[in-house]
Amino acid sequence: MKHLIYLILGSLIGWLIWGVFTKDFSADRFRLLLIGLILGFLTGRRNPKEATE
């Protein structure tokens with residue numbers, strides 16, 4: 001759970017920095033980014049990669 005909070009916080013900070021440079025603080029893009037990151041995180045956590053030799 002701690003990693004998911006860090007993921008959300010990191011994406012928020014990245015969105016704010018990107019918005020400062022582009023002057024585009026679109027909430028729709030942030031929501032799509034956040035949904036994609038959370039779904040990817042949960043899927044990766046449920047189906048971890050197996051170690052390859």
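User: Before we start, what should I know about the numbering and the model?

Analyst: Residues are numbered from 1 along each chain as its sequence is written. The model is predicted, so local features need pLDDT of at least 70 and side-chain atom pairs count only at pLDDT 80 or more, while totals for chains, interfaces and linings use all residues; side-chain values use heavy atoms, leaving out hydrogens and water.

User: How many helices and strands does the protein chain have?

Analyst: Helices (H or I, at least four residues) and strands (E, at least two) are DSSP runs, numbered from the N terminus. Here you get two helices and zero strands.

User: How do I read the way α1 and α2 pack?

Analyst: Two packed helices are described by the angle between their axes and the distance between the axes. Axes are lines fitted to C-alpha atoms, for helices over the stretch in contact, and angles run from 0 to 180 degrees between N-to-C directions. In this case, α1 and helix α2 (residues 27-46) pack at about 155°, with axes 10 Å apart. That makes α1 roughly antiparallel to α2 (the label for angles over 145 degrees).

User: Is S11 buried or exposed?

Analyst: Buried means under 20% relative accessible area, exposed over 50%, partly exposed in between (1.4 Å probe, protein chains only). S11 sits in helix α1 and has a relative accessible area of 7%, so S11 is buried. Its C-alpha atom is 7.8 Å from that of L33, 22 residues apart along the chain. Across the protein chain, 11% of the 53 residues count as buried.

User: And how exposed are L12 and I17?

Analyst: L12, in helix α1 (residues 2-22), is partly exposed because its relative accessibility is 32%. I17 is also found in α1, and at 46% I17 is partly exposed too. For L12 and R31, 19 residues apart along the chain, the C-alpha separation is 10.0 Å.

Note on methods. Angles under 35 degrees count as roughly parallel, over 145 as roughly antiparallel, 65 to 115 as roughly perpendicular and the rest as oblique.
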